[in-house]
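Here is a quick tour of a protein model, taken one topic at a time. Keep the structure open while you read, and find each residue as it comes up.

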Amino acid sequence: MSLAARFFHWHRWVGYLIALQVLAWVLGGLLFAWLPFQPWVKGTDALAKPQQPLPADWPRALAGLPTERGALQSVQSVATASGPALKLRYAKGEHWLSAAGGELPAPSAEAIGRYARTLYRGTGALEAVQRLQEAPTRLGIVRELGERKDAWLARFDDGLRTRLYFDARSGELLALRNEAWVVYDFFWRLHVMDYSNGEDFNNFLLRAASIAAVALVLTGLTLTTLALRRVWRRRRQH
């Protein structure tokens, strides 16, 4: 077998192995370049993110708290469906208090609906509010809340099918999701070849595919070089 035939054989089989992934990379890059990221994917035009400054008398709300949770690591002021609240982080987990003091009540469906309407800036109407033990998987691999369980979902009937997720315990806004975000996340997971959480850039599949893609390019360049050399030789003979 000639040198050109060997490289053509290798180029063809590497192409068979990597063709679909290269197509996913190209389609993903095209989507990332053209899909409006902030207004569509992030939903900045449809959401007014809540801002809740820390109240000046916040230490008063902490008075009398039990100490068995361990050392207090941080205090964060958060807007929730049940009103302004303090999120306390301990080594053993989180605890919620009303900004005025006392336990923060868990939100109802009606409270989530009212709060969602105050945050939403789109053109649609509130379609439904429901409590989910787990967010559904979209397009086979996209999980809108990752590993998080138990959340309230408020759906709006706009063109992108905007969905607002809220913490079931506190009513804090967790995430905005829509159909543009689902498509973007789907192709992002294909792009990095991490089909579980879409965050691992150093996984084995991506490394192997990258090596195969380099091999595809190198064998293609070699074939091109050999072809140009043949053309040059023929012209020289003539």
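Two strands count as paired if DSSP finds at least two bridges between them. With that in hand, you can look at Gln-130, which stands opposite Leu-153 in β7. One thing to keep in mind throughout is that this is a predicted model.

**The four-stranded sheet**

- Four strands make an open sheet here: 4 strands in the order β4-β7-β8-β9, with antiparallel pairing.
- β4 (126-134) and β9 (173-177) are the edge strands; each has a single partner strand, so one side of each has no neighbour in the sheet.
- On average, neighbouring strands of this sheet are turned by 20 degrees against each other, if you ignore direction.
- Strands of a sheet pair through backbone hydrogen bonds, and they can do that either parallel or antiparallel.
- Between β4 and β7 there are 7 bridges, in the antiparallel sense.
- β7 (residues 149-156) is also joined to β8 (residues 163-167), by 5 bridges, and these two run antiparallel.
- Trp-152 stands opposite Phe-166 in β8.

**The hairpin turn**

- β7 and β8 form a hairpin, with 6 residues between them.
- Arg-161 sits in the loop between β7 and β8, and its phi is positive, about 55 degrees, although Arg-161 is not a glycine.
- Met-193 is another residue other than glycine with a positive phi, near 60 degrees.
- You'll find Met-193 in the loop between α5 (179-192) and α6 (204-237), and with a relative accessible area of 10% Met-193 is buried.

**The three-stranded sheet**

- Another open sheet has 3 strands in the order β1-β2-β3, and its pairing is antiparallel.
- At its edges stand β1 (72-80) and β3 (93-98); each has a single partner strand, so one side of each is left without a neighbour in the sheet.
- The twist from one strand to the next averages 25 degrees.
- β2 (residues 83-90) pairs with β3 over 6 bridges, in the antiparallel sense.
- Lys-87 stands opposite Trp-96 in β3.

**The nonpolar core**

- The largest nonpolar core has 18 residues, and Leu-164 and Phe-166 touch the most other members.
- Two or more residues each come from α4 (109-119), β7, β8 and β9.
- α4 gives the largest share of this core, 5 residues.

**Salt bridges**

- How many salt bridges does a search of the whole structure find? The search finds 14.
- Side chains of opposite charge can pair when their charged atoms come close.
- Glu-172 and Lys-87 form one of them, with the closest N and O atoms 3.2 Å apart.
- This pair links distant parts of the chain, 85 residues apart: Glu-172 is in the loop between β8 and β9, and Lys-87 is in strand β2.
- Both Glu-172 and Lys-87 are buried.
- Arg-148 forms a salt bridge with Asp-167, the closest N and O atoms being 3.3 Å apart.
- Arg-148 is partly exposed at 39% relative accessibility, whereas Asp-167 counts as buried at 13%.
- Asp-185 and Arg-189 meet in a salt bridge of 2.6 Å, N to O; both lie in helix α5, 4 residues apart, about one turn of the helix.
- Asp-185 is buried with a relative accessible area of 12%, and Arg-189 is buried with 4%.
- A network of salt bridges links Arg-138, Glu-144, Arg-163 and Glu-179.

**A patch on the surface**

- Leu-20, Leu-23, Leu-27, Leu-30 and Trp-34 make a nonpolar surface patch of about 600 Å².
- Trp-34 belongs to helix α1 (residues 3-34).
- Because its relative accessibility is 70%, Trp-34 counts as exposed.

Notes:
Residues numbered from 1 in each chain as written. Predicted model: local features only at pLDDT ≥ 70, side-chain atom pairs only at ≥ 80, totals over all residues. Heavy atoms only, no water. Patch = residues over 30% accessible without salt bridge, like charges linked within 9 Å, V, L, I, M, F, W, Y side chains within 5 Å. Areas by Shrake-Rupley, 256 points an atom, 1.4 Å probe, with all protein chains shown as cover. Salt bridge = Lys/Arg side-chain N within 4 Å of Asp/Glu carboxyl O. Buried < 20%, exposed > 50% of the residue type's maximum accessible area, 1.4 Å probe, protein only. Axes fitted to C-alpha atoms, helices over the stretch in contact; angles between N-to-C directions. Core = buried A, V, L, I, M, F, W, Y, C linked by side-chain atoms within 4.5 Å.
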